[in-house]
Amino acid sequence: MKEAIMPTFHDPQADAREAAEALRGLAHATAAIEDPRAMYEIIGNLLASTRYLGQVTDQLAQNHHRSAARATTDHGDPLAARTLISDTIDALRTASARMDQAEVSLDQASGKAGQIAWKPDDPQHRWVSIVFLQGEEADPVMEIIDRQGTDAAIAYLAGWDYGEETVSDAIENGYAYETAPQSTADRLVTSGDYALTYSPDLGYVGLSRRIDAPDPDAPASGTTTPPLPEPEPRRARHRGTTRSGGASWFRPDAIDEVAENRGLFR
């Protein structure tokens, strides 16, 4: 297994080699992307990389200027070396300016790509909403995420999942989706068949579960997903679009409502 790339933060030659190798790998990996949902994250990482490249080229220009007194040529000509340094600095500053232009373009691409919702090529699964919490109702879950991690938060929210009952209620109320509910402001973590979506900034958290897509040739008698084991402790059952304790179905428009109320989309 290939070792993970670890930056040194103090050896510019080693870090430059690692960066070049990582980009070479990315060039091969992006030749054919099977899951188009991955492209938004790739663009975001390219945007960050371009910002760093602009900083690096600018710092290289500064370092050439700072070390100019030590420069000479292979023939021992310091005057000719000064000219070479000046040309190098000009070229590096031009590269830095072009990196700034690339950053602007990638930022625009990221903004547009973030609005695209990709449908599965041949969906074999669907996602049903389990629960959506916001405000004070979401605070305990946010605390669990901070202290114990996302797996613990998923285990906690799974207490709202009553297996077949949850699936049938969600489908009946129209809260079944081809992908896990998510907006561009969210953090999405999956564990098994569960997807945890949350936003510390907007103060909400939701859980959805993946189920097998219904067989189009089968009679409409529910889904093929077996019920989950009884959760402990069992919370009060609830039906409809409003859950006990202020919880509600996890739906994409609920995320938009929270963001709009907080002024995110002004």
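## Overall architecture

Along the sequence, the secondary-structure elements of the protein occur in the order α-α-α-β-α-α-α-β-β-β-β-α. This pattern comprises seven helices and five strands. The model is predicted.

The protein has 266 residues, of which 30% count as buried. Among contacts with a separation of 6 or more, 72% are made by residues 24 or more positions apart.

## Packing of helices H4 and H5

Helix H4 spans residues 139–148 and helix H5 spans residues 150–157. The two helices pack at an angle of about 145°, and their axes lie 7 Å apart.

On the H4 side, the residues in contact are Val141, Ile144, Ile145 and Gln148. Their counterparts in H5 are Thr150, Ala152, Ala153, Tyr156 and Leu157. Classified by type, the contact of H4 with H5 holds seven nonpolar and two polar residues, with no charged residues.

## A nonpolar surface patch

A nonpolar patch on the surface is formed by Ile33, Met39, Ile116 and Trp118. Together, these residues have about 320 Å² of accessible area.

One of them, Ile116, is located in the loop between helix H3 (78–113) and strand S1 (125–134). Ile116 counts as partly exposed because its relative accessibility is 44%, a value that falls between the limits of 20% for buried and 50% for exposed residues.

Technical notes
Residues are numbered from 1 along each chain as its sequence is written. This is a predicted model: local features need pLDDT of at least 70, side-chain atom pairs count only at pLDDT 80 or more; totals for chains, interfaces and linings use all residues. Side-chain values use heavy atoms; hydrogens and water are left out. Helices (H or I, at least four residues) and strands (E, at least two) are DSSP runs, numbered from the N terminus. Buried means under 20% relative accessible area, exposed over 50%, partly exposed in between (1.4 Å probe, protein chains only). Contact means heavy atoms within 4.5 Å. Axes are lines fitted to C-alpha atoms, for helices over the stretch in contact, and angles run from 0 to 180 degrees between N-to-C directions. Ala, Val, Leu, Ile, Met, Phe, Trp, Tyr, Cys and Pro count as nonpolar, Asp, Glu, Lys and Arg as charged, and the others, Gly among them, as polar. Patches are made of residues with over 30% relative accessible area and no salt bridge: like charges are joined within 9 Å, nonpolar side chains (Val, Leu, Ile, Met, Phe, Trp, Tyr) within 5 Å. Accessible areas come from the Shrake-Rupley method with a 1.4 Å probe; for residues, only the protein chains shown count as cover. A salt bridge is a side-chain nitrogen of Lys or Arg within 4 Å of a carboxyl oxygen of Asp or Glu.
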